[in-house]
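Work through the following exercises with the sequence and the model side by side, and try each task before reading its solution.

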Amino acid sequence: MFAIEVTNLTKKFKEFTAVENISFKVKQGSIFAFLGPNGAGKSTTIKMLTTLLNPTHGQVQLNDFDVTKDPNEVRKNFGIVFQDPSVDDELTAYENMDFHGVLYKVPDNQRPTRIEQLLRLVELWDRKDDLVKHFSGGMKRRLEIARGLLHHPKILFLDEPTIGLDPQTRNHMWSYITKLNKEEGTTIFFTTHYMEEAERVAQEIAIIDHGKIVAQGTSTELQEKTNAKTLEEAFISLTGQQIRPEDATPMDNLRMSRKMFRR
Amino acid sequence: MNAIYIMWLRQLKRYFRSRARIIGSIGQPLLFLLALGFGFGPIYAKAGDGNYIQFIAPGIISMGILFTSIFAGIEVIWDRQFGFLKETLVAPVSRFEIMLGRTLGGATIAVFQGIIIFAITLLVGFRPELSSIPLALIFALLISIFFTALGTAIASLLDDMQGFQIIMNFLVMPIFFLSGALFPLEGLPREIAIITQIDPLSYGVDGLRGTLTGLTHFGLAMDLGVLVILTGITLVIGSYLFSKIEA
């Protein structure tokens, strides 16, 4: 049985093709790493998998529900930790967690205990009543992770979850996630730039570049295929040495202007 | 607890935590009330229509409600830019519930803002019909829901705040100035009269003025009917557009 089935998925933004005709399957209860350089199409793919973007062509099924035909059913099947911030600055850490818990239907009697457990996991429990706007970037990130783990979905998407985290938190987070995967059979789909994370936890890896999947298999298979000693070497030999340009989005511009506005 | 309630609660918490926002959104109506109310008062009295403060107060209350609710609706763009919108868009609840919770939250804030301005108008000499306050509250709520839903609908179509000035200058300001908030709708040139009749806020202002002072142009039944129908339509369109948002 597959938790995620992607068939001939394509996304075009006007002239630009962000994702081109990709297909892959993720087994139920497995951990799947989706790797690629900046701008390769990882986040666009995740957005299509999580009903935030409509595909131009192709099909996506999550636990047999189609993302375009049945978005409401699909949304009941997954949880996600986004790459960019999505916490509410004007609420406290606890309120952000509680809000998520209600919205994602964590039962009233379990919510407080789980919130405490997770805020302790990311070491924010003693800051729980502070407004998030007073948090540092790293603290916001930790809150984001704790929030994403609050409800226990069947499929969990993590878009570069460990970016900006210290090694301690990263370790806590991964041990919590692998435990979730073992005990509850949660399917994990994640992206990362830390190759050793993928090597350590993922059973299956797909590498995407310029919107196309260039290789897929276990870490060992990818290394054998490219005659590399580590996954990092394999990754570089598959995607090249070049550093990818990234444009500023309207979002970046707005962040700037809001910072000025706040002064 | 459910999704509609928690969305409503979030809007309220954000509002009551932002003192700058509360004070800021009282400033402009207050300026209009004092400058126009006292500035045009003598001319208005000479024209034989009586006390201008009495006339303009319901208009200024509507103004406060209009601005607050449009802003509450437009907040969707903020939430989109700062990521929080995604959190609600992928939640396992229908987007209609999300939109409804947001809208009711925004509308509650707008009504509250209207009440603050109402209290200020009392201080500068407005003398309303106190027994009709419950009915006035219903009008205030309808105006609030309508314009919050309208703001949400517009915000659902916009990617960033670039379009915001256009909305302010070509939608919100005309809606306010051409609504009869500041001048009587009787005896206007034909073209202007037609525009005021298309303006949804005209019916809100007229309803509030009718209940609070007894002075009405369209009649309360007409005001109520138009507002109820428009609010219904806007909620449907707004939640449709909201459900189509991509992030």
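The exercises below go from the sheets to the domains and then to the chain contact.

The model is predicted, so that local features need pLDDT of at least 70 and side-chain atom pairs count only at pLDDT 80 or more, while totals for chains, interfaces and linings use all residues. Residues are numbered from 1 along each chain as its sequence is written, and chains are lettered from A and ligands numbered from 1 in the order in which they are written.

**Exercise 1.** Determine the strand order of the open sheet of four strands in chain A, and find the helix that packs on it.

Solution. Strands (E, at least two residues) and helices (H or I, at least four) are taken as DSSP runs, numbered from the N terminus, and two strands pair if DSSP finds at least two bridges between them. On this basis the order is E2-E1-E4-E5 (chain A), with antiparallel pairing. The edges are formed by strand E2 (16-27) and strand E5 (65-66) of chain A, each of which pairs on one side only. Next, strand E1 (residues 2-13) of chain A is joined to E2(A) by eight antiparallel bridges, and Ile4(A) has Val26(A) as its bridge partner in E2(A). Finally, helix H1 (residues 42-49) of chain A packs on this sheet, where it touches E1, E2 and strand E4 (57-62) of chain A, and its direction makes about 120 degrees with that of E1(A). Such angles run from 0 to 180 degrees between N-to-C directions, with axes fitted to C-alpha atoms, for helices over the stretch in contact; contact means that C-beta atoms, placed from the backbone, lie within 7 Å.

**Exercise 2.** How many residues of domain 1 of chain A are in contact with domain 2 of chain A?

Solution. The bounds, from an automatic or database domain assignment, are 2-77 + 153-262 for domain 1 and 89-151 for domain 2 of chain A. Eight residues of domain 1 are in contact with nine residues of domain 2 of chain A, while the C-alpha centres of the two domains lie 24 Å apart.

**Exercise 3.** Which elements give two or more residues to the side of chain A that touches chain B?

Solution. The contact brings together 27 residues of chain A and 25 residues of chain B. The contributing elements are helix H2 (71-75), helix H3 (93-103) and helix H10 (250-262) of chain A.

Notes:
Two residues are in contact if their C-beta atoms, placed from the backbone, lie within 7 Å.
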